[in-house]
Amino acid sequence: REKCDNSNFQINRVQAAFQASLMKNEDILLKSYLEGWTELQKFIDALGTIFGFISEEVTSKIRILIEHQQGVHGKEYISMRSMINYELKNNVVNLHELPRDRLQSGCRTLLRLHRALRWLQLFLDNIRTSSENDSMSISCAEAYEQSLAKYHSWLVRKAAGFAFLALPARTEFLQILCLEGGKETKDKLWSAVNLIERVYNVTQGMYAQYNMLELP
Ligand code: 1PX
């Protein structure tokens, strides 16, 4: 396992990236938002191969958005609002049926990550309020049931539930996150949870404003 120093993954880096994604005008800077997800992915990867299918799903969603950013219309994909405006105006978004395009819309792709961010917020908050012998599997499953699960098929829910059982005990889990068990950890988690909630709320507000919360 990697040691916990500044060159490795840390909750601080996740937080810094999501912090940087918050723009002044209630908008989201996509580059930083995706950096936040790339940092999160390092945690999933550190948890072992059982979580590989989750990591691959994150990779695939990030890759779609990066492909848009590097495409001919890349400059439209700088912020979430510019992406929405561009995709709506140019009929890139599938509003009614499942998209069949090879390169799916940025809006529906980001929405998947956005829903997962709520899971993360709830999970980190469960960890924050947990104590020594609490099960991380249960904390994780509870957060999942309250958020992402309702968007997932039976099969995905089963696979996720199975993966959760492989989560390590609390102490080891905190070590993977480069956290100790004490007060400092609770403070760090509290600040991460609040930041993630702010990012979630800005994103959620925009999806609601454009009536895009249910994009297929
Ligand atoms: C302290 C936290 C450190 C760990 C951070 C881990 C971040 C994990 C984030 C998981 C992100 C999952 C993205 C899900 C996107 C999604 O909902 N995709 C589904 C729908 O996509 P579609 O294109 O078909 O509309 C897709 O069907 C799902 C595919 C399989 C992935 C299922 C993942 C469910 C588990 C989420 C919880 C992760 C637990 C990690 C353990 C720490």
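**Ligand contacts and helix packing**

In this model, the side chain of His-152 places an N or O atom 2.7 Å from an oxygen atom of the ligand, a polar contact (a pair of N or O atoms within 3.5 Å). The model is predicted, so local features need pLDDT of at least 70 and side-chain atom pairs pLDDT 80 or more, while totals for chains, interfaces and linings use all residues. Numbering starts from 1 along each chain as its sequence is written, and side-chain values use heavy atoms, without hydrogens or water.

- The ligand is surrounded by 23 residues, each with a heavy atom within 4 Å of it; Glu-57, Lys-61, Arg-108, Arg-112 and His-152 are the closest.
- Arg-108 has a side-chain N or O atom 2.9 Å from a ligand oxygen.
- For Arg-112, a polar side-chain atom lies 3.0 Å from an oxygen atom of the ligand.

**Helices H5 and H9**
- The axes of H5 (residues 106-129) and H9 (residues 183-209) come within 9 Å and cross at roughly 155°, on a scale from 0 to 180 degrees between N-to-C directions.
- H5 and H9 are therefore roughly antiparallel (angles over 145 degrees).
- Their contact has 15 nonpolar, five polar and five charged residues, with Asp, Glu, Lys and Arg counted as charged and Gly among the polar ones.

**Helices H6 and H7**
- H6 (residues 136-146) packs against H7 (residues 154-164) at about 155°, with the axes 9 Å apart.
- That makes H6 roughly antiparallel to H7.

Notes: Helix = DSSP H or I, 4+ residues; strand = E, 2+ residues; numbered from the N terminus. Parallel < 35°, antiparallel > 145°, perpendicular 65-115°, else oblique. Polar contact = N/O pair within 3.5 Å; in protein donor to acceptor, adjacent residues only side chain to side chain.
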